[in-house]
Amino acid sequence: MKITIVGRQMNVYEEMKLLIEKKLAKFDKFFPSEGDATVTLSSKHNERNIEITINASGTLFRSEVRAESFRDALDGAISNIERQIRKNKTRLAKRLRENVFNPYPDEIYDDIEADEEEIIRTKTFSPKPMSAEEAILQMNLLGHQFFVFNDDATHATCVVYKRHDGGYGLLVPENE
C-alpha cells in the first residue's frame, strides 16, 4: 500500500512516519497493491488530530480522530478503519475482487479565506454510477451524512442521506 503522510502547519518527525507506516502495514492483507493511504496530522489548542483515508479499488475508508497525543489518535483511527472493514467484510470482498467501482479520480480541494457566510472550502468530484445500496455503503465508510452519486439504472444524479431516525433517505430529481 502506498502511504502519503501530510503535516498541516507542522513537521512530521521520522519516528512518527515510521510508526504510521508500521500501523498501516496491517491493512496490506486487505489491499495488497491497489491501496493508497493518506494520513493528515494537525495540532490545534493542545489537541492532536489524525485523519486517515484509504482508497482501494474506488472504495474509500476514512477515519478522523482527536486525542491528547498523536499515538492515541493513530490507535483510534486504525481501530475505526478495522471496524469499518469488519462490518462490511463480505460486501467489500466481493467488490474488491470484482473491481465493481472504477477508481475515484483525485479529489480537488480549494481552500478559500474564511469570511462570514462565505464558502470556506470547495470540493469537486465525479459522481460514479452505482446503486443506492452501494452509495449508502460508501457514505457509511466515509462517515458522512449524505452521498451524491449517479443512479446506474436511470443515470440521474441522486443523493442518499442519513435520517435522524436512523434510516436512510434518497433524493431523486423529477424528470421533466
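Which residue is the bridge partner of N150 in β9? I looked it up in this model, which is a predicted one, and found T157.

Next, the strands around that pair. β8 (residues 146-151) and β9 (residues 157-162) run antiparallel, and five bridges join them. I then traced the sheet: it is open, has four strands in the order β7-β8-β9-β10, and its pairing is mixed. β7 (129-130) and β10 (168-171) are at the edges with a single partner strand each, so one side of each has no neighbour in the sheet.

Then I turned to helix α1 (residues 14-24). I find M16, L19, I20 and L24 listed as its buried residues. On the face turned away from the buried side I noted the exposed residues E14, E15, L18 and K22. The cover over the buried residues includes β1 (2-7), β2 (35-44), β3 (47-56) and α2 (70-87).

Now the cores. The largest nonpolar core has 26 residues, and L24, F27, L41, I50, I52 and I54 touch the most other members. Two or more residues each come from α1, β2, β3, β4 (59-67), α2 and α4 (132-142). α2 gives the largest share, seven residues.

Beyond its neighbours within four places in sequence, I54 contacts M1, F27, F31, D36, A37, T59, L60, F61 and I81.

Last entry: another core, of 12 residues, lies apart from the largest one, and A132, F147, F149 and C158 are among its members.

Methods
Residues are numbered from 1 along each chain as its sequence is written. This is a predicted model: local features need pLDDT of at least 70, side-chain atom pairs count only at pLDDT 80 or more; totals for chains, interfaces and linings use all residues. Side-chain values use heavy atoms; hydrogens and water are left out. Buried means under 20% relative accessible area, exposed over 50%, partly exposed in between (1.4 Å probe, protein chains only). Contact means heavy atoms within 4.5 Å. Two strands pair if DSSP finds at least two bridges between them. A nonpolar core is a set of buried Ala, Val, Leu, Ile, Met, Phe, Trp, Tyr and Cys residues joined through side-chain atoms within 4.5 Å.
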